[in-house]
Structure formats: structure tokens, C-alpha cells
Amino acid sequence: MDPHPPSRRPGRAVALLAGLLLVVPALITTCRLLDTDGITPVPQLLSFLPWLTVPAGLGLLLAAVARHRGLALVAVVVLAATAWSSLPYTTWTTIGHGLPVARVRVLAANVEFGQATDALIATVRRERPGLVYVSECDRACGRALTTAFAAELPHYASVEADGSVGSVLLSAHPLRDWRMIPATMGMPGATAEIAGRSVRVQLAHPMPPVPGQVDVWKRELGRIEDFAALRTGPTLIAGDFNASQDHAAFRAILEEGRLRDAAWAVRKSRAATWPAEGPVPPYVQIDHVLVSDEFSVDDVRFLDLDGTDHRAVLADLDLRGDR
């Protein structure tokens with residue numbers, strides 16, 4: 001006699017499918033709760049964390065259809081943990097309460113090997129930012145930007161190189177103490193003089209966490225974290241971090257520097273910036289403007305640029321005085 005009646009086999013198959021659907025959400029959510037980026041494929045899948053509520057929810061539905069109480073309970077726990085882990089992340093910093101001394105408009109853009117240079121020039125002319133952080137700006141891109149804005153943004157710190165290595169930080173404010181965070185791709189920085197205050201400005205562009213490069217990605221994000229930890233005054237770090245709020249290495253930067261993500265401050269921390277071209281719609285925010293507590297955030301917008309797979313981030317900030 002068949003110990004498994006045919007009428008029960010569909011239920012077992014549905015339960016098995018439900019269990020398979022829960023594996024990835026359970027694994028990735030566990031890593032998120034343990035504050036670790038793990039190894040491949042965890043860093044890559046962490047970028048999908050909010051979207052993992054979909055297979056977790058479907059797993060719960062199928063467990064209910066299969067009438068498997070134990071599996072349904074597990075599914076409820078996984079779904080709840082995934083949803084909770086997807087809530088916007090923030091650091092508990094003290095927001096400056098001094099009077100505003102200057103309005104600072106910041107634009108951060110990855111122009112994908114310089115391909116979106118013309119689109120960026122048009123955007124800068126329209127939006128008139130005072131600080132522009134440009135990643136993947138090759139030599140031709142750098143020359144085009146410094147020439148086009150020689151009057152409006154005459155000060156700059158740059159890494160002149162080809163492909164994705166090149167980068168430039170343009171400023172309407174005088175720059176001094178130029179320095180660079182060591183990395184595979186250019187990450188220049190300097191100190192800007194804004195309304196009589198010294199503001200540390202730093203471009204971020206670590207390696208992406210592709211398989212085989214996760215250790216490099218962690219190491220370069222760690223160097224940005226070290227820089228943030230040393231800050232003693234107003235600080236702005238912006239660019240393509242190749243990391244979202246769901247990555248422990250990114251959250252460490254916020255915590256060590258007591259920084260806030262400007263997008264979180266205006267409840268836009270889940271606005272996706274990548275990939276902005278191709279068949280897949282944007283699903284993760286990896287482009288950020290990070291601010292110290294000497295700044296208050298008025299608004300953040302995300303702008304499409306023709307020629308690049310990133311959306312640009314435009315942040316309106318107020319630099320506040322000591323009193």
C-alpha cells in the first residue's frame with residue numbers, strides 16, 4: 001500500500017515550494033540582523049532586502065495553502081523580520097540648532113565612464129549646485145566640467161584618470177588641504193571654506209561588491225569609515241558608495257562619523273538610484289549624500305541623467321552656526 005496517498009502529495013509539493021521561497025529571505029535577514037555583510041552572495045543579495053518581503057509573503061501564503069502550521073509559523077517570523085529589517089536606518093545624531101549661516105546645494109553623480117558628461121553639464125547649469133561630486137569622470141569629462149564651470153565652480157580636487165578611476169569634486173567655495181582616500185577608483189577630498197567655516201568635503205566611490213571583489217569593497221568602505229571617524233567639524237561625504245543602508249559596512253560609516261544620510265532626513269531613504277538604465281528598473285539606493293550634525297536637510301531630489309546607469313542625488317542643506 002502506498003504510504004503517501006495521492007491526495008496528500010500536492011500539499012507536500014506546495015509546502016516544499018514554500019520552504020524554498022523562505023530560504024533566501026531567512027538567510028539575508030539573519031545577516032542583516034547580525035550586522036554582517038558575510039560573503040558572496042550575501043552582499044549582493046542585501047541590495048534586494050526590501051524586495052525579499054515578496055518571496056517571504058508568497059512562502060507564507062503557500063504554507064497556509066498546504067496547511068502546514070509549523071512552516072506557516074516560520075514564514076510569519078521570516079516575513080516579519082524581513083519587513084522590520086527593511087525599515088529606514090538612521091543614526092541618532094544631534095541636529096545642529098544654530099542659526100543657518102549658508103545654504104549649500106550638493107549634487108552627486110556617477111557619469112558612467114564620462115558618458116553622461118553633457119547631461120551633467122546641463123543639470124548643473126539648471127540646478128546651480130555649489131558642490132558637485134562626480135564619479136567615473138574620465139580625463140575628457142574632467143576637462144569638460146572644469147572648462148564649462150570655470151567661473152561658477154572654479155575650485156576643484158580631482159583624480160585625473162581614464163575609465164571609472166577618474167573623479168572630480170567641483171566647488172564654488174575655496175578649497176585647501178587636498179587629499180585622497182586610497183582606493184581602486186579615485187576618491188578625492190578637500191576642505192572647503194563656506195561662510196567662514198571649514199567644511200571637510202569627501203567624494204566616495206569604493207569598488208562594487210562583485211564576486212571576487214567583496215574583500216576590496218569592504219576594505220575601501222572601511223577607509224571611508226576611518227575618515228569619518230576622524231572628523232572634528234562640518235563634514236559632507238557624497239558619491240556612489242556601491243552600498244545601501246542594508247549593508248553593515250555602509251552603516252558603520254554613519255555610526256563612526258555620527259553622520260546622517262540626507263535622503264533619510266526627508267524620508268526618501270528607499271528612493272532607488274541604480275540601475276537607472278536597462279530592462280530592470282532601479283531597485284536600490286547606492287548613491288548618497290552624508291551630512292554631519294552641523295547641517296540640516298531641507299530637501300533631496302533624485303535626477304535622471306542620460307548616458308549613465310545612476311540617478312544623481314541633489315541635496316539642499318543649511319550649514320548652521322555654533323549658536
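Reader: In what order do the six strands of the open sheet stand?

Author: This is a predicted model, in which local features need pLDDT of at least 70 and side-chain atom pairs count only at pLDDT 80 or more, while totals for chains, interfaces and linings use all residues. Residues are numbered from 1 along each chain as its sequence is written, and side-chain values use heavy atoms, with hydrogens and water left out. Strands are DSSP runs (E, at least two residues) numbered from the N terminus, and two of them pair if DSSP finds at least two bridges between them. The pairing is mixed, and the order is β5-β6-β7-β8-β10-β9.

Reader: Why is one side of β5 and of β9 left without a neighbour in the sheet?

Author: Strands of a sheet pair through backbone hydrogen bonds, either parallel or antiparallel. Both β5 (175–180) and β9 (260–261) stand at the edges, so each has a single partner strand.

Reader: In which sense do β7 and β8 pair?

Author: Strand β7 covers residues 197–204 and strand β8 residues 235–240. Arg200 stands opposite Thr235 in β8. The two strands pair over five bridges, and the sense is parallel.

Reader: Which cysteine does a disulfide join to Cys137?

Author: A disulfide is a pair of cysteine sulfur atoms within 2.5 Å, and a search of the whole structure finds one. Its S to S distance is 2.1 Å, and the partner of Cys137 is Cys141.

Reader: Is Cys141 buried or exposed?

Author: Buried means under 20% relative accessible area, exposed over 50%, and partly exposed in between (1.4 Å probe, protein chains only). Cys137 has 2% relative accessibility and counts as buried. With a value of 1%, Cys141 is therefore buried.

Methods. Helices (H or I, at least four residues) and strands (E, at least two) are DSSP runs, numbered from the N terminus.
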